[in-house]
Amino acid sequence: MKHIASLLLSALLLVPGLALADQPTTVLTEVRNTKGATVHVPYIDGANDETMEKAANQLLNDVAEEMAGKAGRGGTVSYEVTLDRPSLVSVLLTAKNGGSAYHKAVNIDLTSGKEFGLDGFFFDNDKRKGIVGAKTENVLFTEDGVRVADHKGGSYDHFYSYGQLVPCARIGDIGRLLRVWKLTENAAGKSITVQKGDLLAIKLSANPTTGMQWIRTIDGPADGLVGNGESFVIPRDTPRDSSGASSGTLIQFLGAMTPGTYTVRMSYQKPWDKMGSIRQFLYTVVVKE
């Protein structure tokens, strides 16, 4: 048994990028006395990019110093990690002294070493404004959604789930924040259980130059499993047929917004052809709260 454990450890040390790529970010605590306040400073360790890690820790250190000033002599500064992804970390720092408290959120992107906000993952459009409002300077990201404070230093009392924000998602970036479940035609006749706020990416072979399209119908609670755009990818080495058409992969995105059971029917056909499809399948999605 010891020999096996030693081999596993050696393998991890030899291929750290492969073995540890998708792990959460490590946040350590450093306790200091700053400006007369006891300050718990969050410190990121073990990130893939040391330069970005250093920039992130400088940012956290600067905020901790600012919060020490808010706490004052005899006060305390504490923190809570509210979101922990492989390259995204959100921390809520709180300065207290007596009965008063001052709060500040720090959302850090470890690929840039800088702060991120709603604009990085959700389009600033009328849909988003209808959900969280126009003023989103004081935003805290959490595991299940975002929290917004009414004013600087205030508590983050207003909660909006990622499920509510899914229709505004930037598909190219949202996979870093939310869980994205990948499906193919192999899902035919099967079911998948997801959480509210998750995304599904259905990968389908297609050739739109022939006039054929994948048409989707959903049976279940109204507006509970909603389309969130699609993209089409043609591999560089894909040969064209005699008509000049190229096959590729169509990816359709669905957002799980409301708990329930949904039957998704997929049909590959010409939209105007009432005779039916040349390929079709269905699968079931169960959305949990």
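**Salt bridges and their surroundings**

Reply: Arg265 has a relative accessibility of 37%, so this residue counts as partly exposed; that class lies between buried (under 20% relative accessible area) and exposed (over 50%), using a 1.4 Å probe and protein chains only. The model is predicted, so local features need pLDDT of at least 70 and side-chain atom pairs count only at pLDDT 80 or more, while totals for chains, interfaces and linings use all residues. Residues are numbered from 1 along each chain as its sequence is written, and side-chain values use heavy atoms, with hydrogens and water left out.

The partner of Arg265 is Asp219: the two form a salt bridge whose closest N and O atoms are 2.2 Å apart. A salt bridge here is a side-chain nitrogen of Lys or Arg within 4 Å of a carboxyl oxygen of Asp or Glu. Asp219 belongs to strand S13 (residues 213-219) and Arg265 to strand S16 (residues 260-269), so their pairing ties together parts 46 residues apart in sequence. Strands (E, at least two residues) and helices (H or I, at least four) are DSSP runs, numbered from the N terminus. Asp219 is partly exposed too, at 40% relative accessibility. The whole structure holds eleven salt bridges. Side chains of opposite charge can pair when their charged atoms come close.

Another of these pairs is Arg179 with Asp198, at 3.3 Å from N to O. Arg179 sits in the loop between helix H6 (171-174) and strand S10 (180-183), and Asp198 in the loop between strand S11 (191-195) and strand S12 (199-206), so this bridge ties together parts 19 residues apart in sequence. Is each partner buried or partly exposed? Arg179 is partly exposed, with a relative accessible area of 47%, whereas Asp198 is buried at 3%.

A further salt bridge joins the side chains of Arg32 and Glu30, again at 3.3 Å, N to O. Arg32 is partly exposed at 22% relative accessibility, and Glu30 is partly exposed at 36%.

Thr29 is found in strand S1 (residues 26-34). Its relative accessibility is 47%, so Thr29 counts as partly exposed. Apart from neighbours within four places in sequence, Thr29 is in contact (heavy atoms within 4.5 Å) with His40, Val41 and Tyr79. The C-alpha atoms of Thr29 and His40 are 6.2 Å apart, although eleven residues separate the two along the chain. With Tyr79, Thr29 makes a side-chain polar contact of 2.5 Å. A polar contact is a pair of N or O atoms within 3.5 Å; within protein, one must be able to donate a hydrogen and the other to accept it, and residues adjacent in sequence count only if both atoms are side-chain atoms.

S1 is also among the elements that cover the buried residues of H3, together with others including strand S2 (37-45) and strand S3 (76-84). Those buried residues include Met52, Glu53, Leu59 and Ala71. After H3 comes Gly72, whose phi is positive, near 75 degrees.
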